[in-house]
Amino acid sequence: MTGAIPKQDWMDVPAIFREGNFCYPAKKSIVEYHKFPNPREWSPDQDDWKLPEGWEDIILKGLKERLDKFRSLKLFMDICVRCGACADKCHFFLGTGDPKNMPVLRAELLRSVYRNDFTTAGKLLGKMAGGRPMTIGVLKEWFMYAYQCTECRRCSVFCPYGIDTAEVTMMLRELLHLVGVGTNWILEPAANSNRTGNHMGLQPHTFKDNIGYLCDDIETITGVKITPTFNRKGAEILFITPSADVFAEPGIYTAMGYLLLFEHLGLDYTWSTYASEGGNFGLFTSNEMMKKLNAKQYAEAKRLGVKWILGGECGHMWRVLHQYMDTMNGPADFLEVPKSPITNTVFDNAASTKMIHISEFTADLIKNNKLKIDPTRNAHRIPTWHDSCNTARGMGLMDEPRYILDNVVPKWYEMPENTIREKTFCCGSGTGLNTGEIMELRMRSGLPRANAVKHVEEKFGVNTLACVCAIDRATLSALMDYWNPNVKVCGLSELVGNSLIMDGEKERETDLRFEPLVGMEG
């Protein structure tokens, strides 16, 4: 990025930790809760990481087990030709200029150890063959750069061999956990999800009360009283969404959109206070943790006897479902292939998972003229659309949200072609990186997305960034406040809720944020 010529081999440049460039390590009590190895108090900026005796052998044994178990990992270790097609596609590299944030070099951090200990050339020639032994310096590099990757998979779109560097990052994080090296912002939410059902740690009564408060606001705005049910056996549909949707802005407005939509339809659905988290922090930790948390959703669907699951606006919930669920906990044969009770559309694409996204469900309703909509109620919003990495690249959900936007707002604008759909830029803070201690790093890594938003803000007067991911709503809000403060972030279902004409409603003067509608400014 600077044009400077490197004076050292990349292997000789150490990772340097300073306050603000690393995530805080997991608390001893949280590591103990998960029964993970080596619980202790430690900090990355200290020389002594208090690793267990023989930690190098633990790592190498863990790497061997994973090479034997995952063919994709072995393939990714062997086939990279270092062409560099991925190099400038990573938002962390574009934002920081750090060469080790190029996906090819980030993966090389693991490949170098793999070559040294698991290939003949590496065993004979060592560094000449690109190999290096497992040392404390290497381990520190792993920690630094495994947590400067959001596993967004943009690099994989451009790799001619289809190497998925996100899978490499996932393996790096798994290996680090074997010796007790992890971050608290991931492991504590994972513990909360296991203990209370959601990553916020909301107790069942709090979860229920929060939704009740949202219903009170809806009644104030629309005059329509909504009384959702919880843990109701025999409901047709179990609805699961990220807990951030019922707890924090701007997600709560998205949840109000869900509530209005379901009331509009008279849908037979129920919320769960046991499986009250759509997100899966296990994806950021290990395959075993991912499997454990994913299982809660299907266990609850079975207990309640629902026919299928409707999922809210979430990113990594959908990636876990579409890429991993069937070989972890599925297929969910006790459920039925989702069939809309309103349009009778059968969602064959979910024949295995038995779970569809709220945007698929809503787009089908609009297509079949089942919604009464007034898009002018969103006339104060001029949106652009952010394709969330996990829903767009992870499950191909790209046309449905755009179709909904076409119908619920008067006008909206696309960002530049190389920043949308499968080429979308990450929010810069996914996979458990949306923690406050690395705020500068987050603003750097989100710069490519912010630049694209700035383009449509200046060209078209865009004032809203819409998306379908709870982490995006949380992280993009901070990103916009820093780079584009005139642009607000919202969920797609919030715009749907604003536009719905409800039976028996009073004349609306404000949107779901209590902001005046056009013509109602007073």
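Helix α15 (residues 358-367) lies across strands β3 and β4 and runs at about 70° to β4; helices (H or I, at least four residues) and strands (E, at least two) are DSSP runs numbered from the N terminus. Axes are lines fitted to C-alpha atoms, for helices over the stretch in contact, and angles run from 0 to 180 degrees between N-to-C directions. The model is predicted, local features requiring pLDDT of at least 70 and side-chain atom pairs pLDDT 80 or more, whereas totals for chains, interfaces and linings use all residues. Residues are numbered from 1 along each chain as its sequence is written, and side-chain values use heavy atoms, with hydrogens and water left out.

The sheet is open, with four strands in the order β2-β1-β3-β4 and parallel pairing, where two strands pair if DSSP finds at least two bridges between them. Strands β2 (269-271) and β4 (355-357) form the edges, each pairing on one side only. From one strand to the next, the twist averages 30°. Strand β1 (residues 237-240) runs parallel to β2 and is joined to β2 by three bridges; F239 has W271 of β2 as its bridge partner. Helix α12 (residues 251-265) packs on the sheet, touching β1, β2 and β3 (308-311), and its direction makes about 155° with that of β2.

A helix pair was also examined. The axes of α10 (residues 184-196) and α13 (residues 287-304) come within 10 Å and cross at roughly 35°. Contact (heavy atoms within 4.5 Å) is made by A190, S193 and N194 of α10 with M289, K292, L293 and K296 of α13.
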